[in-house]
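Dear colleague,

Please find below the structure that I am handing over to you, followed by an account of what was found in it. I would be grateful if you could read the two side by side.

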Amino acid sequence: HPAARPHADLADRRVVISAGGTREPLDPVRFLGNRSTGHQGWALARAAVARGADVTLVAANVDLPAPDGVRVVPVETTAQLRAAVRAEAAAADVVVMAAAVADFRPVTRSDAKIKKSADGGPPTIELAENPDVLAELAHDRLRTGQVVVGFAAETGDAGGSVLDHGRAKAKRKGADLLVVNAVGDGRGFGPVGTEVVVLDAAGDEVATAAGTKDQVAGAVWDAVVDRLADVSG
Ligand code: CTP
Ligand code: CA
């Protein structure tokens with residue numbers, strides 16, 4: 001077992017955590033979105049507050065009460081999430097991208113509700129790719145010494161295992177830490193148990209954790225604290 005951690009090892013650290021899932025509007029009543037609940041981001045926020053951090057949650061469509069002592073900035077779309085995270089990141093020691101960010105958005109948002117047409121058949125929705133907020137943060141380095149953390153839910157497939165996909169993603173994103181978890185078979189979504197591997201930007205394993213989202217959050221902050229100590233010498 002690792003040595004016991006000092007109580008407030010994130011004291012005086014400013015952290016921003018994105019949580020939930022972004023939604024991209026099609027018309028005034030419809031959107032493209034995902035099933036992310038925000039529970040992992042909330043667990044990260046609670047754990048960081050308990051360890052002394054100043055915490056801001058950028059929350060995309062999360063239906064949970066604000067954790068005690070945390071400032072919550074609500075957003076809906078990826079563009080809003082990106083702007084809010086970057087504004088907060090300018091003064092943050094740590095940025096954690098726990099949100100499920102929509103990869104694509106409809107090119108146009110109809111001002112009026114889209115109607116079925118008698119003869120036209122189903123519409124085709126043209127999509128544009130969203131900016132990769134995490135890769136941008138890792139590349140731009142809005143603040144020196146900042147630790148940038150991403151999350152990746154992966155399934156194994158013919159192209160490789162969960163870890164193969166995680167390693168490739170870690171290298172592609174350039175984040176200091178990428179928390180990889182296996183999903184599918186009922187794992188990973190909602191307030192249920194999960195298993196993660198934490199990789200560095202080279203794709204090398206720096207930690208593993210299993211259990212509740214609170215236990216995963218603890219392991220993530222342990223890895224972040226180690227990385228903060230490295231970057232500040
Ligand atoms: N992410 C992001 N901006 C995007 C997409 C993802 O910041 N446009 C972040 C997520 O918040 C997460 C990490 O990148 O921290 C990994 O997300 P994931 O969806 O696994 O990565 P993608 O690059 O979108 O790859 P995939 O094709 O597997 O969806
Ligand atoms: Ca994605």
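Predicted model: local features only at pLDDT ≥ 70, side-chain atom pairs only at ≥ 80, totals over all residues.

The side chain of aspartate 230 forms a salt bridge with that of arginine 227, at 3.9 Å from N to O. Both residues belong to helix H5 (residues 213-231), where they are three residues apart, about one turn of the helix. Arginine 227, at 18% relative accessibility, counts as buried.

The count of salt bridges comes to 15. Another of them joins arginine 30 to aspartate 27, with an N to O distance of 2.6 Å. Here arginine 30 is partly exposed at 34% relative accessibility, whereas aspartate 27 is buried, with a relative accessible area of 1%.

A further salt bridge, at 3.6 Å from N to O, pairs arginine 143 with aspartate 93. Arginine 143 sits in the loop between H3 and S9 and aspartate 93 in the loop between H2 and S6, so this pair ties together parts that are 50 residues apart in sequence. Arginine 143 is partly exposed, at 32% relative accessibility, and aspartate 93 is buried, with a relative accessible area of 13%.

The loop between H3 and strand S9 (147-154) also holds threonine 144, which counts as exposed at 80% relative accessibility. Its C-alpha atom is separated by 18 Å from that of valine 133, 11 residues apart along the chain.

Helix H2 (residues 78-89) has 12 residues and spans 16 Å from its first C-alpha to its last, close to the 16 Å expected. Its buried residues are Thr78, Leu81, Ala84, Val85, Arg86 and Ala89. Among the elements that cover them are strand S1 (14-20), strand S4 (54-60), strand S5 (71-75) and helix H3 (133-140). Arg86 also takes part in a network of salt bridges that links it with Arg82, Glu136 and Asp140.

The calcium ion (ligand 2) is coordinated by OD atoms of Asp103, at 2.4 to 2.5 Å. Aspartate 103 lies in the loop between S6 and S7.

Phenylalanine 104 is placed in strand S7 (residues 104-106) and is partly exposed, at 42% relative accessibility. Together with Ile125 and Leu127, Phe104 makes a nonpolar surface patch of about 270 Å².

With kind regards

Terms used: Residues numbered from 1 in each chain as written. Chains lettered and ligands numbered in written order. Heavy atoms only, no water. Helix = DSSP H or I, 4+ residues; strand = E, 2+ residues; numbered from the N terminus. Expected span 1.5 Å × (residues − 1). Buried < 20%, exposed > 50% of the residue type's maximum accessible area, 1.4 Å probe, protein only. Contact = heavy atoms within 4.5 Å. Patch = residues over 30% accessible without salt bridge, like charges linked within 9 Å, V, L, I, M, F, W, Y side chains within 5 Å. Areas by Shrake-Rupley, 256 points an atom, 1.4 Å probe, with all protein chains shown as cover. Salt bridge = Lys/Arg side-chain N within 4 Å of Asp/Glu carboxyl O. Donors = N, O, S within 2.8 Å, 3.2 Å for Na, K, Ca; no water.
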